[in-house]
Amino acid sequence: MSASLQLQIDPALLETALTHRSFAYENGAVTHNERLEFLGDSILGQAVTVMLYRENPTLDEGDLAKRRASLVSSVALAEVARSINLGRHIRLGRGEELTGGRDKSSILADTVEALIGAAYLDRGPDEATALVLRLIRPLLATPDRFGAAMDPKTSLQELAARLGRGIPIYRVTNTGPDHSKVFHAEVLLGDDAIAGGDGTSKKQAEMAAALDAWTRLQQTVTG
């Protein structure tokens, strides 16, 4: 995992960052990654805010805020996680393992934040900021994809209309207790469910599903 991050992190801290609460609950007395996630979320937001401010001197506050929201969203962070095959390294409980937890956007995004938190504690603020920028910059390198990540539902609707596929419909289900629900959204075009996504809210799940659907349709256009 350290090779993918291009950063050496203390093995014990790295293990904690990769441990989902479901694994900890099933194995007892194991530290999970939610505290590191809390820390990493703050480091991520600051690093992205400073980068956008410095590199976009002509953008006003509203545009900067929209770009930041896109880059720190669960949808974007899940994309980052998939690009480095993070899912295969996460320690999951059996229940999450059986329900596809290794590719759930919410789990992937939370783990990215935990890794950033671990980098901050072990290597300091400069190394943690450098890690954030290494992970996030690839999103900016593909303008179409970045635009889709900023507003995936609108981007999908526009692309589907252009391809004559009709209006996307979202079908959302949820599992888990009230205090810790996980939502799953499917995108339907006509009678076909073409993509899906997960999140800790209905909106988040729909956004993840929309980006997945946009990606699949875009691939049919570009070949």
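**Overall size.** I began with the radius of gyration, taken over C-alpha atoms. The protein chain of this predicted model has 18 Å, which agrees with the value near 17 Å that a compact globule of 223 residues would have. The globule rule I used is 2.2 Å times the number of residues to the power 0.38. I also boxed the C-alpha atoms along the principal axes and got roughly 50 × 45 × 35 Å.

**Ground rules.** I number residues from 1 along each chain as its sequence is written, and side-chain values use heavy atoms, with hydrogens and water left out. As the model is predicted, local features need pLDDT of at least 70 and side-chain atom pairs count only at pLDDT 80 or more, while totals for chains, interfaces and linings use all residues.

**Elements.** I looked up twelve helices and three strands in the protein chain; these are DSSP runs, helices being H or I with at least four residues and strands E with at least two, numbered from the N terminus.

Next I turned to H11 (residues 152–162) and H12 (residues 202–222), which pack at about 35° with axes 8 Å apart. Axes are lines fitted to C-alpha atoms over the stretch in contact, and angles run from 0 to 180 degrees between N-to-C directions. Contact means heavy atoms within 4.5 Å. On the H11 side I noted Leu156 and Leu159 among the residues that meet H12, whose own partners include Trp214 and Leu217.
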